[in-house]
Amino acid sequence: MGEWRAEWITHDTGPAGPGRRPVVHFRRQFAVSRDIRATLRITAHGIYQGFLDGVRIGDHELAPGYTEYGSRLQVQEFALDLHAGEHCLAVELSDGWYRGQVGLYRHADQWGTQTALLAQLDGDGVDVATDKAWQARAADHTADLIAGECIDLRSLDGWQHPGYDDSGWEPVAVEQRGYETLVPQEAPPVRRIEELAPRSIRRLGDRQIIDFGQNVAGWTRLARLGPRGTELTLTHAEALTPEGDVTQVNLAPDIPALGVKLPAGQVDTVISAGPGSSFEPRHSTRGFRYLAVDGLDDDLEAQDVTAVVVHSDLPRTGWFTCSDPSLNALHEAAVWSFRGNAIDIPTDCPVRERAGWTGDWQIFVPTAAYLYDVADFSAKWLRDLAAGQWPDGTIGNFAPMPRGEGRESPGAFMNGSAGWGDAAIIVPWELYRAYGDPAVLEESWPMMLRWIGRVRELAETGRHASRTGPVQPHERYLWDSGFHFGEWLVPEPSGDFDFGELMAADKGDTATAYYRHSTRLLSQIAAVLGREEQAAAFAELAQRIRSAWQREYLVDGRVQPATQANCVRALAFDLVDDPAPVVQQLVELIEAAGDHLATGFLATPYLLPVLAEHGRADVAFRLLQQRSWPSWLGMIEQGATTMWERWEGYDASGMPFESHNHYSKGAVISFLHRHVAGIRPVEPGYRRFSVQPVMGGGLGHAEGRLVTPLGEIVSVWELSESRFELSVTVPAGATAEVVLPDGGRHEVAEGRHFFTASRQN
Ligand code: BGC
């Protein structure tokens with residue numbers, strides 16, 4: 001591939017504000033004298049779609065993807081076959097993440113105030129690259145990732161084809177933006193993955209309401225737009241009002257500091273070009289199960305409207321099914337939540353914030369790795385996380401990090417919370433465990449060191465305001481200063497929290513636990529990387545933090561503050577010498593809550609595992625199969641097809657409450673893979689693994705499959721009146737330890753193996 005000779009080209013889109021800015025059309029006509037194959041390299045500050053002679057180039061959506069644009073911008077490469085003759089290279093360019101609205105605050109212009117295109121076609125006998133010879137216009141089409149799109153289809157005039165007269169267009173402007181930030185495509189691109197037909201279409205007054213039966217992320221395609229000039233409005237939503245109308249009430253950010261409720265967005269307006277015209281937005285995504293179509297007299301039929309599911313095209317690697325249909329439905333909902341939140345980066349939700357929240361991904365990444373190959377997807381995100389790390393080592397709340405919510409924003413103090421910033425260590429470690437490649441550890445090592453350095457400084461120098469009296473020696477190992485989300489969103493009947501209270505609270509229990517956890521992981525990581533001295537130093541520090549945590553938060557062997565979350569962390573992060581009293585305490589807390597969980601964001605993924613691993617699978621299954629609030633199956637019974645952000649998805653009046661598509665609580669399904677099917681990594685990348693199914697919940701059958709770097713692992717079991725039967729498949733190059741419910745242990749290598757045991761009750 002030759003050097004870059006292309007220049008960055010731009011076109012002024014006029015005064016329109018964020019959310020309503022026009023898409024730019026760029027075109028360049030050229031000729032080749034014989035049939036050739038050429039390579040197109042293309043990227044943009046914004047979102048581009050390229051066309052050769054009117055035909056879409058490639059199948060990437062939302063290209064060039066979302067990265068920390070100030071330091072990293074992906075370039076896509078496509079092979080193009082050009083026949084001798086005239087051609088036209090045409091590009092649509094919209095604001096995308098670069099200049100459009102992003103994040104909770106809907107800030108625009110986060111990486112720049114002007115979109116730009118860079119493209120170069122290399123081949124024998126072709127010399128086309130973006131430069132001042134290109135023509136541009138502002139289209140009769142506006143697009144914003146959050147707001148949605150507005151297009152007059154009558155304005156589509158064949159501009160992407162050779163021979164089109166662009167004499168009324170304007171010459172482009174050329175800008176110096178350099179090539180230093182350019183990197184190749186690093187992860188599977190976003191694509192149109194699947195199409196869903198409507199489950200129902202009905203009228204509510206003049207409005208038509210389409211239910212796709214599944215909450216998804218992507219967009220809709222409408223192939224019946226009425227007579228030429230008809231103006232339609234398409235509103236996308238996750239839920240209905242009790243009266244059956246679509247509502248966006250749960251999607252709009254409501255931030256006290258802003259004083260106004262921001263619009264939810266995801267509304268498209270389209271003007272029909274007459275029979276045969278159809279509309280499919282390609283510059284923005286929406287989170288939705290329902291679509292409301294206003295302005296169309298014709299009755300829509302099933303073939304007229306389609307939901308297009310759009311996300312990163314990750315290879316599926318893991319499956320689970322069992323004899324309990326409601327657990328299968330929960331599993332499906334969690335998978336769909338991940339699919340809805342894997343749009344080039346791992347996001348919290350596909351609607352309200354669409355942000356690469358650190359905490360959410362560290363919570364979910366081990367589960368995601370039981371479902372999809374997320375190695376490259378996460379490695380790309382980690383590079384953005386590292387690129388956005390602050391000079392003092394703080395890890396921003398999300399990656400990429402829009403300026404308006406980052407280091408120089410009024411909310412800067414909210415970055416670097418325990419359990420969120422720790423993603424810098426936990427995510428690379430989980431990737432190493434799942435895929436076995438230490439490169440991700442090596443690459444993230446400097447970021448991890450700087451993060452733990454920052455935490456250490458905060459722990460050693462800070463002290464929570466509520467502490468009085470002389471400073472005790474162990475306090476230098478307590479991380480009880482700075483802002484922390486803490487356990488975050490524990491079930492509360494009021495359904496809300498007091499922000500002032502959150503700011504003032506001492507979250508030292510949670511933060512110190514994470515300080516210990518991350519330090520211990522760092523010691524293990526250092527050992528993997530052959531950094532023996534650092535491994536020993538971090539092990540020592542981890543030990544001191546553990547002692548300090550015990551001194552402060554353990555009374556007579558029991559945890560205080562006595563919350564389920566603190567007990568869970570004590571067990572999951574190996575904070576106590578004697579787990580038995582803490583297990584007992586946790587069970588008591590659960591039973592006192594009527595067999596209900598009381599964990600929020602951080603501890604929920606570990607809740608069932610610690611119970612099962614400490615001999616209380618019975619309690620784990622009771623929580624898993626609980627149906628009253630707060631519970632996973634309660635969500636499913638109320639019709640959730642993706643996981644809700646809160647344990648309650650509707651308020652007392654029946655209106656949807658907060659996001660209906662947050663994967664974090666879906667992390668529970670790793671319990672199905674890891675404990676019910678029993679597939680667990682022992683050595684990184686499943687070179688060695690164990691299969692140790694945990695019985696319970698009245699399950700009579702379960703099956704887990706996982707494609708690992710060495711091949712497919714399968715665990716299938718059946719429980720009859722008297723017998724337990726298990727079949728385990730081990731890929732070549734791997735070994736497994738199989739542990740049967742009766743305690744029997746077997747070592748196995750490549751092949752399919754069958755085991756039976758008598759039923760244990
Ligand atoms: C997001 C999260 C995130 C949290 C921080 C929310 O608004 O949606 O999922 O982790 O803020 O506590």
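Which residues of helix 10 are buried?

The model is predicted, so local features need pLDDT of at least 70 and side-chain atom pairs count only at pLDDT 80 or more, whereas totals for chains, interfaces and linings use all residues. Residues are numbered from 1 along each chain as its sequence is written, and side-chain values use heavy atoms, with hydrogens and water left out.

**View 1. Buried residues of helix 10.** Helix 10 spans residues 564-572; helices (H or I, at least four residues) and strands (E, at least two) are DSSP runs numbered from the N terminus. Its buried members are Gln564, Ala565, Asn566, Cys567, Val568, Arg569, Ala570 and Leu571, where buried means under 20% relative accessible area (1.4 Å probe, protein chains only).

View 2. Just after helix 10, Asp574 adopts a positive phi of about 55°.

**View 3. Shell around the ligand.** Among the residues surrounding the ligand are Asp348, Trp357, Asp360, Trp420, Phe485, Trp488, Phe601 and Glu645. The shell comprises five nonpolar residues, one polar and five charged.

**View 4. Polar side chains at the ligand.** Oxygen atoms of the ligand lie 2.8 Å from an N or O atom in the side chain of Arg352 and 2.6 Å from one in the side chain of Glu353. A polar side-chain atom of His662 is 2.9 Å from a ligand oxygen atom. Taken alone, the ligand exposes 310 Å², of which the protein buries 94% (accessible areas by the Shrake-Rupley method with a 1.4 Å probe).

Technical notes: Near = heavy atom within 4 Å. Polar contact = N/O pair within 3.5 Å; in protein donor to acceptor, adjacent residues only side chain to side chain. Nonpolar A, V, L, I, M, F, W, Y, C, P; charged D, E, K, R; others polar. Buried < 20%, exposed > 50% of the residue type's maximum accessible area, 1.4 Å probe, protein only.
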